[in-house]
Amino acid sequence: MKKMDPRTIRTKEMLKRAVFELLNGGVMLNQLSVQKVTKQATLNRTTFYLHYEDINHLLDDLTKEIFNEVTEKITDLNHIHLLNEKEHLVELLNYLASQKHALRLLFQFEQFEKVLFQLMKQLIDTRRLNSDRVTSNSLVDSHIKAASIVGVISWWLKEGGHLTAAYIADQIHLMYRK
């Protein structure tokens, strides 16, 4: 595998950071342009085109990077058996909160919600398979549970930032108590 030049890494990070700064500053996804991003990153457009074909190429690269990180984190949580369900959820929510700005970008893509739904469903199903204290007739359907958790997470990241991960985990836990 070829090692990437540190200057290339730094430049791409500057461009990605500029995208987040613009989005957090109120620029809508469809309003992003090479000119706006390069101005925010204090780079010239020629530098941009050395690394990306157009603004969509940058957004695709950024989206794939975040998808991979989120997928890896949720997959890693599938292998943690020492935590109880609520601790598991708090750990996941803390991670998502740390990635809030990136996830706000991804929630603008319909496919992200579908991927997050599948990851949450997989997490729920894996936890159920590894649990010895649940019976199938006492469980909320994993599709419904995953959809509601994704909805809560989406709302929390967009509107409920003043609430802690532990509080959101408590509320989700209460929704599914017997």
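This is a predicted model: local features need pLDDT of at least 70, side-chain atom pairs count only at pLDDT 80 or more; totals for chains, interfaces and linings use all residues.
The chain holds nine helices and zero strands. Of its 178 residues, 37% count as buried, and among the contacts in the chain with a separation of 6 or more, 63% join residues 24 or more positions apart.

| Helix | Residues |
|---|---|
| H1 | residues 6–24 |
| H8 | residues 142–158 |
| H9 | residues 165–175 |

Helix H1 has 19 residues and reaches 27 Å from its first C-alpha to its last, which is close to the 27 Å expected at 1.5 Å a residue. Several residues of H1 are buried, including Thr 8, Thr 11, Lys 12, Leu 15, Lys 16 and Phe 20. Just after H1, Gly 26 takes a positive phi of about 105°.

Two packed helices are described by the angle between their axes and the distance between the axes. How do H8 and H9 cross, and at roughly what angle? Their axes come within 11 Å and cross at roughly 155°; because angles over 145 degrees count as roughly antiparallel, H8 and H9 are therefore roughly antiparallel to each other. The crossing of H8 and H9 is right-handed. On the H8 side, the contact is made by Ser 148, Ile 149, Val 152, Trp 155 and Trp 156, while H9 contributes Ala 165, Ile 168, Ile 172 and Met 175. Sorted by class, the contact of H8 with H9 has eight nonpolar residues, one polar residue and no charged residues.

Methods:
Residues are numbered from 1 along each chain as its sequence is written. Side-chain values use heavy atoms; hydrogens and water are left out. Helices (H or I, at least four residues) and strands (E, at least two) are DSSP runs, numbered from the N terminus. The expected span of a helix is 1.5 Å times one less than its number of residues. Buried means under 20% relative accessible area, exposed over 50%, partly exposed in between (1.4 Å probe, protein chains only). Axes are lines fitted to C-alpha atoms, for helices over the stretch in contact, and angles run from 0 to 180 degrees between N-to-C directions. Angles under 35 degrees count as roughly parallel, over 145 as roughly antiparallel, 65 to 115 as roughly perpendicular and the rest as oblique. A crossing is left-handed if the near helix is turned anticlockwise from the far one by less than a right angle, and right-handed if clockwise. Contact means heavy atoms within 4.5 Å. Ala, Val, Leu, Ile, Met, Phe, Trp, Tyr, Cys and Pro count as nonpolar, Asp, Glu, Lys and Arg as charged, and the others, Gly among them, as polar.
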